[in-house]
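Please look over the sequence and the 3D structure shown here before reading the report.

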Amino acid sequence: MTDRTPFRIKGETGDWEVVMGLEIHAQVASNSKLFSGASTAFGSDPNANVSLVDAAMPGMLPVINKFCVEQAIRTGLGLKAQINTYSRFDRKNYFYPDLPQGYQISQFAYPIVGEGEIEVDVEIPGGKGYAFTCRIERLHLEQDAGKSIHDMDPHATYVDLNRSGVALMEIVSKPDVRSPAEAAAYVKKLRAIVIALGTCDGDLEKGNLRADVNVSVCKPGQYEKFRETGDFKHLGTRCELKNMNSYRFIQQAIEYEARRQIEIIEGGGKVDQETRLYDPVKGETRSMRSKEDAHDYRYFPDPDLLPLEIEKAWIEEIRASLPELPDQKRARFEKDYGLSRYDAGVLTSDFEKAEYFEIVAKGRDAKLAANWVTQELFGYLNKEGLELAESPVSAPVLGGLIALISDNTISGKIAKDVFVRMIAGEGEAAAIVEKHSLKQVTDTGAIEKVVDEIIAANPEQVAKVKDKPQTLGWFVGQVMKASGGKANPQAVNDILKTRLGL
Amino acid sequence: MTDLTALTLASALDGLKSKQFSSVELTHAFVSAIEKARVLNAFIVETPEKALEMAKASDARRARANGKVGKLDGAPLGIKDLYCTKGVRTTACSGILGEFTPTYESTVTQNLWDQGAVMLGKLNMDEFAMGSSNETSHFGNVINPWRRKGDNQGLTPGGSSGGSAASVAANLCLAATASDTGGSIRQPAAFTGTVGIKPTYGRASRYGMVAFASSLDQAGPIAKTVEDAAILLEVMCSHDPKDSTSLKIKTPNWQKDVRKGVKGMKIGIPKEYRIEGLSEEIDALWQQGIKWLKEAGAAIVDISLPHTKYALPAYYIVAPAEASSNLARYDGMRYGARVEGGSLSQTYEATRASGFGKEVQRRLMIGTYVLSSGYYDAYYLRAQKVRTKIFQDFVDAFETCDAILTPACPSPAFAFGEKSGDPVEMYLNDVFTVTANLAGLPGIAVPAGLSASGLPLGLQVIGKALDEAACFRVGGALEDAAGFVARPETWW
């Protein structure tokens, strides 16, 4: 682990820092919508999953889906957050064709979940990394809108209301995120938590986890003043980057946006508070709407719904049923497997990685397994741009390789060759070792014979090693070479020392 | 043969039960009465075929030996156009809903059909229930069957349930559904010599009822007698899981309360309802009511509802605020009338400008204003605080009394155009009725006498939350004492 070093951008007037708060919209994993019984199935025909309530027919009324409330509470508990026993739904009023009611039912004044925090692990290429705590401001429930489709007809817009009324959790962080990498790591960690909890599928491509990033820039030292006083005047004017659903684009967009703001300020201008969209093709952000034409949403309590009053016993029941969370898993990995905080953090950063590792490590040398998974396997996957799910080497197969290293069947060096062959599709480690006769030579007699031959053939080196014991490595290399790498390195070392009288 | 349309709901149900007449005969009588009374403009949709079909089915049920019959089996009713009725055009008397025909049924009307009632058609009302004279209806005003003595000038039936009140008073249906957001059941009942009750908020489901102001809207009946109102209300009310504000409680048998009498009851008389400029006629009626109840064995106690004067302003903030949001769905995008414009905004503007009437537009603008940023605290939040105080006033008052007696309205029915020029004067019609909506309490209006001009005048009884029984007991006692039998002359 390393320290959290400030991310800085050089401007003409010196260094700048970035400050970010994120709003994540996570679709609640639920079969039906927040206030109607309509299905939330992805990929249905347009307007197939629309109830009378979702279409805002006259006289239709919302009825809360208790399961969605439970999911929000579960998520709140996963964020170590305060669960509010009293919360309320408000209406956010604005007109748009994909908003049938003319208002979105949301929680404005009284959210269901209050302050919490998450530990975010930031990976730095090269195997280092650090962790930071990101405070959570709140989590609230709200309805999603439908979808306007503008490109089916040059003169008309079509509306698909399948998403209309689907439950979302809006999770708002405090401005604790300080670099593009941290922003991506925060989204990753949050995703890992909701997936572990089963409260959101976390599928970025389907849009069921989307991030809005509020970005501002300031001079070094200003952020610390803000944290001391809580006064936002120490920070710059923020712009909101809307609807980001890729780790790569989030980082690119933040970097672009920060530089844009720095340029404006250094040019003597003022940053306008506005909502911006990132265009990944052009690699730039552009204005979506400014504060001036922002809506007046006329929030007020929804009179069709009673306040949500949650019994403490229910919260405790949900708490008792929580699955193991990424942080708990990380602590367990550190304790049970003896892993470093960093390795444990990397391996628990998402559910799939942790599951993969546990299969590899089961009944084997866990530290060795962790090294192989994080260094060799992840290194390979990173280089090839592959996801873990696309790995050519399955967890049980990699486990087989670890087993062969542990029982001295092969050396670590040979194992790397075997790994390459496994990637190439040659099958299980044991079969590869057998096929290519890669078994380690642990027969000391055979090694002694090779050692003696090499000593006899190289009297100058023998003389040298008496003065400079560190040149022993030359002999080790020669022996290994002669054995085709199969000699047990420890045995080679021991025998050489005895024979050379070191 | 007696005029079947003149029967009360209770006696008609007796007649059907004892087979003195069939539902088809009864329904026929109403269908032809409705045809003859079109000049009143009470019905905006007549459904005679549907009515006769339902009547036939009812007769068949009654003909079956040991056949199960409903509480309202065969009784022809009128339905306020606020209630969504499956397959029958429902517009809340607004142009913006065009020819909207729901594919679903409101819970309240479903309850009626489940008990065998017969639908005669949809009743005229103020657009989206916003009005006190039925003059804001897209389909034109309803004419009150009552006229001033020796005067043929047309009078309003009150509103917003003007069609319901007029059709009951003119014997065009046995009884009618209505709805009350600020007095829309009780004021038209008082203007037409009929009985109307708004139950406790949450007694009746709002599912399928076109919303005006969600926290105030409540369904209720307009009927010829207190007993009829009790019979109909019992069927209209139910717990409905489709309405989150519907109360999870059983509906009592109120019919048995009507003739229980008021002996031993304590009736509160709120001094703040003696408003400035209260007409002598209304005051005299109120005093008469007090006297009747005293004579019937009730104790009269003076009470105070100190925040009464703030009720009307608070109501005219809360109701428009909720309406401005509730009516946002009428945007011409999915159903109803649409007027195309050059852009999306223009389409919205053109649709809503042409679809909504003037009074609705006025209230939507008021509502939008009081919710807007910078004004919310001063108006909406303030009004909600007043609302809490008004509720507390009633809680305190009910420590010393069982029910409260007030006039129903500050005046008898007025003529068309008499008040429509000045919205504030029109809003003053609700001065005695809005408090019950703001506090969610039951209130009943009962005809108690005639004005000097020969028009009906009503008294109102407000009960504790969920104590409709008290409203029916006191209402029944007033009905007995008043012996109100006057009917409008049939001039149409």
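The report covers a loop residue, a strand and a helix.

## Model and numbering

This is a predicted model, in which local features need pLDDT of at least 70 and side-chain atom pairs count only at pLDDT 80 or more, while totals for chains, interfaces and linings use all residues. Residues are numbered from 1 along each chain as its sequence is written, and chains are lettered from A and ligands numbered from 1 in the order in which they are written.

## A loop residue

Glu12(A) sits in the loop between β1 (8-11) and β2 (14-27) of chain A. Strands (E, at least two residues) and helices (H or I, at least four residues) are DSSP runs, numbered from the N terminus. Glu12(A) counts as exposed because it has 8 C-beta neighbours inside 10 Å.

## Strand β4

In β4 (residues 90-93) of chain A, Asp90(A) and Lys92(A) point one way, Arg91(A) and Asn93(A) the other way, and all are buried. β4(A) pairs with β5 (residues 103-106) of chain A in the antiparallel sense, over four bridges. Pairing requires at least two DSSP bridges between two strands. Asn93(A) is opposite Tyr103(A) in β5(A).

## Helix α11

The buried residues of α11 (residues 412-423) are Ile414(A), Ala415(A), Val418(A), Phe419(A) and Met422(A). They lie on the same side of α11(A), because they cover an arc of only 150 degrees around the axis. The arc is taken from the directions from the helix axis to the C-beta atoms.

Key:
A residue is buried if 20 or more other C-beta atoms lie within 10 Å of its own, exposed if 12 or fewer, and partly exposed in between; C-beta atoms are placed from the backbone. The expected span of a helix is 1.5 Å times one less than its number of residues.
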